[in-house]
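The briefing that follows is meant to be read with the model open alongside the text. It is grouped by topic so that each part can be checked against the coordinates in turn.

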Amino acid sequence: MENKSILVIGAGAVGSAFLESSIGMFKKIGIFDGDIVTKSNLITQPFYKECDFSSPVSKTAFAIKKLNSFGSSTEYKGYERYFTEKDFETMKEYDLIADFTDNINSRLIINEGCVKEGKAAVFASLNEKEAFLYFYRNSACFNCLFRNSIGHVKEGCESVVSAPEKEFVSFLKENILEFASNKAEGGQIILFNLSNKKVLSSMLKKDNECEVCVKHMTKKVEDGFLQVCSSGIKFSYGKHIDLKKLSSVLPGSRLYNEFLIFNQNNKSVLISLDGDFLFTGYTKEEAGKLITSFVS
Ligand SMILES: [Zn+2]
């Protein structure tokens, strides 16, 4: 893990506890928060207890100073502002994005950035009864989950009245480290019951109508075409394709070891295991629609 970088967005109750628990575990940690530390924060965020309140200090600046004082080899980088669409570019510097904002508007913006930039992410929130984690990596995005669970995914963190329990913080850290080391897949929802310590998890399927997934997939497809001859178009998806699964939903397609051929009305598509598509006889629009349906 010492070679990975993570962008922590939100250094409140959950974010600050995570930062303190993960000292020395990442090569680089970015911290995004526009809040000023206030005395009322100390109830839920003991991380800020050494703060000198004589002059205003941002959570980000305080966190960087405190974390650097532990002398680990981690490089810390601070962003003393709230995350907006303008910050999507910043995500490119990191391997993993951790959203601890627990605010639905920020969360949806962060999610869009992750889908756009193709960044793996964890979305975490906490209330007095339950901790919620959602992992994204080339999978259903947070908006896929949100648009299908109105009323279940709640807005805001008003119910947090005490600092996160130690057990929760280590649970959070372990799951994030496992995900960061590619041992866990994207699309996973984990609920941790804080009173009986039971863990519930399930996998979420991509919603084919999710505005965020559709928008960025369409854009990626539009940008990815290469005309190879008058009737041939190539598209590189850049990811492994499960040909067996794809052949089962394409009646009449023929599966060979490393590629799949699909013929339809004198048009054909050759799909390789490595995610290369060669279309013959299709227009770009038709090919785009097919790819979107293949990979969603
Ligand atoms: Zn989505």
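Directly after helix H3 comes Gly118, a residue whose phi is positive, near 65°. The model is a predicted one, in which local features need pLDDT of at least 70 and side-chain atom pairs count only at pLDDT 80 or more, while totals for chains, interfaces and linings use all residues. Residues are numbered from 1 along each chain as its sequence is written. Helices (H or I, at least four residues) and strands (E, at least two) are DSSP runs, numbered from the N terminus.

**Helix H3 and its surroundings**

- Helix H3 covers residues 104-117, which is 14 residues, and reaches 20 Å from its first C-alpha to its last, close to the 20 Å expected at 1.5 Å a residue; the expected span of a helix is 1.5 Å times one less than its number of residues.
- The buried residues of H3 are Arg107, Ile109, Ile110, Asn111, Gly113, Cys114 and Val115, where a residue is buried if 20 or more other C-beta atoms lie within 10 Å of its own, exposed if 12 or fewer, and partly exposed in between, with C-beta atoms placed from the backbone.
- The cover over these buried residues of H3 includes strands S1 (5-9), S4 (96-99), S5 (120-126) and S6 (130-136), together with helices H4 (142-147) and H6 (211-224).

**Helix packing: H3 with H6**

- Two packed helices are described by the angle between their axes and the distance between the axes.
- The axes of H3 and H6 come within 9 Å and cross at roughly 30°, which makes H3 roughly parallel to H6. Axes are lines fitted to C-alpha atoms, for helices over the stretch in contact, and angles run from 0 to 180 degrees between N-to-C directions; angles under 35 degrees count as roughly parallel, over 145 as roughly antiparallel, 65 to 115 as roughly perpendicular and the rest as oblique.
- H3 passes H6 in a right-handed crossing; a crossing is left-handed if the near helix is turned anticlockwise from the far one by less than a right angle, and right-handed if clockwise.
- On the H3 side Asn111, Glu112, Val115 and Lys116 meet Val212, Cys213 and His216 of H6, two residues being in contact if their C-beta atoms, placed from the backbone, lie within 7 Å.
- The residues of this contact of H3 with H6 divide into 3 nonpolar, 2 polar and 2 charged, where Ala, Val, Leu, Ile, Met, Phe, Trp, Tyr, Cys and Pro count as nonpolar, Asp, Glu, Lys and Arg as charged, and the others, Gly among them, as polar.

- H6 passes H8 in a right-handed crossing, and the contact is made by Met217, Thr218, Val221 and Glu222 of H6 with Gly288, Ile291 and Thr292 of H8.
- The residues in the contact of H6 with H8 divide into 3 nonpolar, 3 polar and 1 charged.
- Helix H1 (residues 13-21) and helix H5 (residues 166-180) pack at an angle of about 70° with their axes 10 Å apart, which makes H1 roughly perpendicular to H5.
- From H1 the contact draws on Ala17, Phe18 and Ser21, and from H5 on Val169, Ser170, Leu172 and Lys173; the residues divide into 4 nonpolar, 2 polar and 1 charged.

**Loop residues**

- Asn182, in the loop between H5 and strand S7 (188-193), has a phi near 65°, a positive value in a residue other than glycine, and is exposed, with 11 other C-beta atoms within 10 Å.
- Asn265, in the loop between strand S12 (259-264) and strand S13 (267-272), has a positive phi near 45° and is exposed, with 6 other C-beta atoms within 10 Å.
- Tyr82 lies in the loop between strand S3 (75-79) and S4 and counts as partly exposed, with 16 C-beta neighbours inside 10 Å; Tyr82 and Ile9 are 73 residues apart in sequence and 8.4 Å apart in space, C-alpha to C-alpha.

**The chain as a whole**

- The secondary structure of the protein chain comes to 8 helices and 14 strands, and the C-alpha trace spans about 75 × 40 × 30 Å along its principal axes.
- Of the 296 residues of the protein chain, 32% count as buried.
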